[in-house]
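Hi,

Here is the structure I promised to pass on. Have a look at it first, and then read my notes below.

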Amino acid sequence: MIKSTLSFCAKWLPPFFLWIIVFHDFFLHRATISLDTFLTYALVKFFINNLLNGVFPLWDPFVYLGVPFYPIVVLGLFNPLIYSIAVLVGLGLSYYDAYLIYAVGSFFLG
């Protein structure tokens with residue numbers, strides 16, 4: 001039992017502490033959010049908001065009066081982890097907080 005516990009700690013603690021060190025700005029709310037992050041956030045929010053309203057968006061009406069919704073493939077919106085944003089929003093978090101939790105969690109799992 002002790003050997004398996006030590007083995008588990010040896011495998012998971014170093015990556016966890018590395019993750020904490022790398023993402024400390026997110027935890028302290030000092031993260032630099034650039035224009036690229038806001039673009040990704042806006043597209044994910046559009047997708048999740050449509051899903052919560054019962055629509056799977058295949059068309060983006062805001063670009064050139066309508067184009068196919070390409071971020072489904074580009075942003076990896078078929079990734080099952082991204083649907084955790086919908087769950088977190090359903091639990092009462094804001095879209096922004098849910099997106100940051102998704103981003104930090106996906107980097108930890110990666």
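What follows is a short tour of what turned up in it.

Some ground rules first: this is a predicted model, where local features need pLDDT of at least 70 and side-chain atom pairs count only at pLDDT 80 or more, while totals for chains, interfaces and linings use all residues. Residues are numbered from 1 along each chain as its sequence is written, and side-chain values use heavy atoms, with hydrogens and water left out.

**The overall layout**

The chain has 6 helices and 2 strands, where helices (H or I, at least four residues) and strands (E, at least two) are DSSP runs numbered from the N terminus. In sequence order, the pattern reads α-α-α-β-β-α-α-α. Of its 110 residues, 26% count as buried; buried means under 20% relative accessible area, exposed means over 50%, and partly exposed is in between, using a 1.4 Å probe and protein chains only. As for contacts (heavy atoms within 4.5 Å), take those between residues at least 6 apart in sequence: 47% of them join residues at least 24 apart.

**Tyr99 and the rings**

Which residues does Tyr99 contact, leaving aside its neighbours within four places in sequence? They are Thr37, Thr40, Tyr41, Val44 and Ile85.

Tyr99 is also part of the aromatic story. The whole structure has 6 aromatic pairs. Rings of Phe, Tyr and Trp (its six-membered ring) pair if their centres lie within 6.5 Å; planes under 30 degrees apart count as stacked, over 60 as edge-to-face and the rest as tilted. Why is the pair of Tyr99 and Tyr102 called tilted? Their ring centres are 6.2 Å apart and their planes sit at 45 degrees, so the pair is tilted. Both residues lie in helix α6, 3 residues apart, or about one turn of the helix, and both are buried. Ring pairs also join Tyr41, Tyr96, Tyr99 and Tyr102 into a cluster.

- Phe107 is in helix α6, and it counts as exposed because its relative accessibility is 56%. Beyond four places in sequence, Phe107 touches Trp19 and Phe23. The C-alpha atoms of Phe107 and Trp19 are 8.2 Å apart, although 88 residues separate them along the chain.
- Asn50 sits in helix α3. With a relative accessible area of 18%, Asn50 is buried. Leaving out residues up to four places away in sequence, Asn50 touches Val55 and Pro57.
- Tyr83 is in the loop between α4 (71-74) and α5. At 28% relative accessibility, Tyr83 is partly exposed. With residues up to four places away in sequence set aside, Tyr83 touches Phe47, Leu51, Phe56, Leu77 and Phe78. Tyr83 and Tyr102 are 19 residues apart in sequence, with 9.0 Å between their C-alpha atoms.

Happy browsing!
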